[in-house]
Amino acid sequence: MSGKATLKSFKAMLAEAKLPERTVAICLRGDLVAQHEQAERDLETAQKAQTDSLAGSGAGAIVERIEALEAQMRDSTYPFLLRALPRHEFRTLMTGHPPRKTDDGGVVQEDALGVNRETFFPAMIRASVVDPELSDDEWTDLLDARLTDHQFQELAWTAWALNANEIDIPFSLAASRAKRD
């Protein structure tokens, strides 16, 4: 392939270039998990109590309750869309949250990534989340009161991966299997 053809195809690719994106599904009704777990235990108990007699165990009603809870959880799960920041914006964000120093002038161990983890990760999540669009008060409520630490970390590490890790071309094992079949 000649240099001209390569440059032309590169320019076409550059014109279509987009920053990488990922979604993180967050269930905002964590309280339903305990109800689901109890219903699962109730179902197990009902199934164990079931004998060869004609008396019903009530398992059908419990199954319906489990399915209703699962539907509620799906309806309460939001796919947060995150997009990588342009390189200069990410670098500016990082320099705006310098690592904390120890008394002897070193870096606090939690800040070994080169940023103040306490302030940087909430800011990076907010900067990287494209959808939903939230007000400052809604962001504060979400990040400080509505997410578990695990959910926060999932958003934070996804945002970090988009901005600081290598972008690989994904491979779908499911699609590969389906193609073979």
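I looked up the side chain of H97 and found a polar contact with the side chain of T119 (2.8 Å). A polar contact is a pair of N or O atoms within 3.5 Å; within protein, one must be able to donate a hydrogen and the other to accept it, and residues adjacent in sequence count only if both atoms are side-chain atoms.

This is a predicted model: local features need pLDDT of at least 70, side-chain atom pairs count only at pLDDT 80 or more, and totals for chains, interfaces and linings use all residues. Residues are numbered from 1 along each chain as its sequence is written, and side-chain values use heavy atoms, with hydrogens and water left out.

I placed H97 in the loop between α4 (87–95) and α5 (117–128). Helices (H or I, at least four residues) are DSSP runs, numbered from the N terminus. H97 counts as buried because its relative accessible area is 16%. Buried means under 20%, exposed over 50%, partly exposed in between (1.4 Å probe, protein chains only).

Next, surface patches. I noted a nonpolar one of about 420 Å², made by L7, F10, M13 and L14. Patch residues have over 30% relative accessible area and no salt bridge; like charges are joined within 9 Å, nonpolar side chains (Val, Leu, Ile, Met, Phe, Trp, Tyr) within 5 Å. A salt bridge is a side-chain nitrogen of Lys or Arg within 4 Å of a carboxyl oxygen of Asp or Glu. L7 lies in helix α1 (residues 3–15) and is partly exposed, at 45%.

I then found a negative patch formed by E37, E40, E64, E67 and E70. Helices α2 (31–49) and α3 (59–75) each give two or more residues to this patch. α3 gives the most, with 3 residues. E37 lies in α2 and is partly exposed, at 42%.

Key:
Accessible areas come from the Shrake-Rupley method with a 1.4 Å probe; for residues, only the protein chains shown count as cover. Lys and Arg count as positive and Asp and Glu as negative; His and the chain ends are not counted. The place of a charge is taken as NZ of Lys, CZ of Arg, CG of Asp or CD of Glu.
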